[in-house]
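Here is a short briefing on one protein model.

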Amino acid sequence: ARNDCGITPLTPSPSPVTTHTHMVEVKPRMSHPFSVVVAIDFGTTSSGYAFSFTQDSDAIHMMKRWEGGDPGVANQKSPTCLLLTPDLRFHSFGFAARDFYHDLDPEEARHWLYFDKFKMKIHSTSDLTMETELEAVNGRRVRAIEVFGHALHFFREHALKEVKDQSSSVLEGEDVRWVLTVPAVWRQPAKQFMREAAYLAGLVSRDCPEQLLIALEPEAASIYCRKLRLHQVLDLSLQPIANGFDLEGSRPFDSSFRQGDRYIVADCGGGTVDLTVHQIEQPQGTLKELYKASGGPHGAVGVDLAFEAMLCQIFGEDFILSFKAKRPAAWVDLTIAFEARKRTAAPGRANALNISLPFSFIDFYKRHKGQSVEAALRRSNMNIVKWSSQGMLRLTQEAMNELFQPTIDKIVKHIEELMAKPEVCGVRFLFLVGGFAESPMLQRAVQRAVGRTCRIIIPHDVGLTILKGAVLFGLDPTVVRVRRCPLIYGVGVLNRFVEGRHPRDKLLVKEGREWCTDILDRFVCIDQSVALGEVVRRSYTPARLGQRKIIINIYCSSAEDVAYITDPGVRKCGTITLDLPEPLPVPGGAGAGGGAGPERREIRATMQFGDTEIKVTAVDVMSNRFVRASIDFLSN
């Protein structure tokens with residue numbers, strides 16, 4: 001009975017529970033009549049926004065191309081980098097931040113705060129709070145929430161200006177629905193962190209939380225991909241064949257991809273790889289998740305880190321650390337030069353990739369080590385990296401393979417493990433999306449690994465897939481109808497003690513009755529299907545008269561076989577707070593007549609797990625009044 005998510009708790013701590021109802025459908029409320037949806041794809045390496053007017057929802061407007069830009073990188077997104085002045089004020093974002101930082105005098109640059117790839121920190125921090133800090137390239141630390149707030153505020157200003165330019169009517173703040181994208185593998189604290197950053201940036205106010213949607217990146221990609229047609233995609237399985245049919249005579253992608261089909265979306269971005277499995281439901285065309293989101297921090301940044309490690313190997317870690325600290329802008333230049341070359345790396349490429357070392361690197365090395373960069377290369381026995389007289393590092397094909405392999409192997413392993421799951425068996429399509437999906441190195445590796453069992457489809461505008469899908473999600477958030485829970489969530493309760501079934505150390509004797517403490521009352525189980533609008537209900541009674549708040553600890557676990565909140569693998573992950581208003585006077589009595597007084601007060605809490613964020617509402621049963629209910633995963 002333990003694995004059934006319907007334990008009937010008798011008396012929970014912190015206060016007695018009286019009823020327990022199973023999943024119940026509630027129809028989602030109709031959202032505001034927003035006139036425009038603005039989606040921000042806040043990526044590890046690049047970010048952008050797009051929008052659509054609800055009157056003309058077929059047209060998705062991509063953000064205008066901005067000033068600056070790298071030669072050879074033609075996308076409409078901007079690098080995710082932020083520059084703060086020495087006194088911590090916002091200066092610039094994107095190409096502008098990069099160019100300004102580059103042009104600063106090296107002495108001056110050491111006092112400016114330049115942040116890039118900072119989104120990864122949110123994924124890697126296990127105890128994320130509002131106080132979590134980020135380190136700028138020069139080593140100074142700032143609260144992460146402020147850095148994210150600055151970046152989102154910048155996007156808000158840009159997007160609203162562009163929306164207003166294209167809109168005939170006068171737009172008010174509440175006319176806009178905002179959508180923010182996050183990886184599906186992110187846990188609740190990280191999602192709440194993005195929401196808090198959006199409040200700080202002034203995207204929406206705390207009083208209108210429904211004006212901001214958190215969208216899951218691979219989900220957004222999926223919403224966009226299922227509408228694609230043959231001329232909008234590259235089908236890797238048809239590559240060597242000219243006429244669009246392969247040797248088994250399978251039909252082109254268009255005609256064979258239909259409702260009822262199941263497919264995997266592999267979102268390979270800068271920071272994370274994020275895998276989602278969906279089925280298109282008949283007849284309404286909604287999406288149903290078939291297996292909980294999986295993946296991990298194996299994005300393209302892994303290749304950049306491997307390049308940095310290679311430089312440490314050649315020139316010494318002490319030198320690289322010193323160079324980063326003393327010449328931060330030149331270090332950023334070097335990483336940008338590598339990233340631009342990284343995009344052109346392809347399997348079977350005969351000629352080496354040239355990366356120009358900044359003059360200050362060559363000069364600084366000579367002064368720091370008393371020898372030339374060329375001599376260091378020779379001494380390092382690194383045969384796969386050569387030096388060219390034009391001041392370039394020449395990375396051979398072997399060197400590029402070595403830099404890409406570890407990250408690509410992890411991605412392929414994730415995909416293979418997912419495809420081996422019984423729920424995913426027989427899936428015939430895999431959409432490869434995200435910025436890293438443009439890499440021929442990754443494309444070939446995935447095609448080699450799983451190309452025999454499924455068709456690998458790459459949308460033409462693969463770097464913008466998530467952004468466009470996020471706009472579609474904002475226009476209709478009910479399109480994903482069923483999701484899977486990534487974790488068990490529940491609370492600790494007291495149940496009647498059963499001799500032989502419950503351990504003695506959990507025995508609590510209270511008013512002559514024997515109770516078992518610390519039992520995990522599960523709200524939802526791992527990989528459980530939860531439909532949009534399904535709710536879990538619990539009732540709580542204040543422990544004493546005049547109590548103004550009920551605080552309930554929420555526990556979560558990624559292990560299936562847990563029974564108590566003290567079990568290994570179970571941790572406290574958040575709190576639900578119910579604010580209790582003054583009880584209404586009971587009509588026709590002194591207040592506590594007939595046992596119906598405030599001591600029998602019952603607060604019914606309703607939780608939703610089928611959305612992209614966990615939500616809670618509560619009602620005071622006797623007065624039928626809504627009670628302020630909040631759920632917090634950040635101040636743990």
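In what order do the three strands of the open sheet stand? The order is β18-β20-β19, and the pairing is antiparallel. This is a predicted model: local features need pLDDT of at least 70, side-chain atom pairs count only at pLDDT 80 or more, and totals for chains, interfaces and linings use all residues. Residues are numbered from 1 along each chain as its sequence is written, and side-chain values use heavy atoms, with hydrogens and water left out.

**The sheet**
- β18 (353-356) and β19 (385-388) are the edge strands; each has a single partner strand, so one side of each lacks a neighbour in the sheet.
- From one strand to the next, the twist averages 30°.
- β18 pairs with β20 (residues 392-395) in the antiparallel sense over four bridges.
- Two strands count as paired if DSSP finds at least two bridges between them.
- I355 stands opposite L393 in β20.
- Strands (E, at least two residues) and helices (H or I, at least four) are DSSP runs, numbered from the N terminus.

**The helix across the sheet**
- Helix α10 (residues 328-342) lies across β18 and β20.
- α10 runs at about 160° to β18.
- Angles run from 0 to 180 degrees between N-to-C directions, with axes fitted to C-alpha atoms, for helices over the stretch in contact (heavy atoms within 4.5 Å).

**Helix α5**
- α5 (residues 188-201) has 14 residues.
- Just after α5, G202 takes a positive phi of about 80°.

Notes: The expected span of a helix is 1.5 Å times one less than its number of residues.
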